[in-house]
Amino acid sequence: MFFRCGWGFTGLTMSTVFGFQSLLTVILLLICTCAYILSLAPGLLDRNKTGLLGIFWKCARIGERKSPYVAVCCT
């Protein structure tokens, strides 16, 4: 037996976060922000190379090493 809630499936809409262009924009902004923070305060990201905060260090490295490609993607 299957019970439906009062909304049904018509009340649910897809958020713009799940759009490809929005996801790409968020990733590019994360990469650019981490690279900028690393240029201002290198010790802040360098001490967190592993773990959950290591994601920001990896994004900063991508921003440093692949900066022409990131710039093309931003435009």
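Colleague: How many helices and how many strands does the protein have?

Modeller: Four helices and zero strands. This is a predicted model. Along the sequence the pattern reads α-α-α-α.

Colleague: What share of the residues counts as buried?

Modeller: Of the 75 residues, 17% are buried. The protein exposes about 6,400 Å². Carbon and sulfur atoms supply 69% of that area.

Colleague: What do the contacts say about links along the chain?

Modeller: Take contacts between residues at least 6 apart in sequence. Of these, 47% join residues at least 24 apart.

Colleague: Which residues of H3 are buried?

Modeller: Start with the general idea. An α-helix has 3.6 residues a turn, so residues three or four places apart point the same way. In H3 the buried residues are Gly 54, Trp 57, Cys 59, Ala 60 and Gly 63. They pack against helix H1 (20-40), helix H2 (42-46) and helix H4 (67-74).

Colleague: And Ile 55: buried, partly exposed or exposed?

Modeller: Ile 55 lies in H3, residues 54-65. Its relative accessible area is 43%, so Ile 55 is partly exposed. Buried would need under 20%, exposed over 50%.

Colleague: Which residues form the nonpolar patch on the surface?

Modeller: Ile 55 is one of them, with Leu 30, Leu 52, Leu 53 and Phe 56. Together they have about 450 Å² of accessible area.

How values were computed
Residues numbered from 1 in each chain as written. Predicted model: local features only at pLDDT ≥ 70, side-chain atom pairs only at ≥ 80, totals over all residues. Heavy atoms only, no water. Patch = residues over 30% accessible without salt bridge, like charges linked within 9 Å, V, L, I, M, F, W, Y side chains within 5 Å. Areas by Shrake-Rupley, 256 points an atom, 1.4 Å probe, with all protein chains shown as cover. Salt bridge = Lys/Arg side-chain N within 4 Å of Asp/Glu carboxyl O. Helix = DSSP H or I, 4+ residues; strand = E, 2+ residues; numbered from the N terminus. Buried < 20%, exposed > 50% of the residue type's maximum accessible area, 1.4 Å probe, protein only. Contact = heavy atoms within 4.5 Å.
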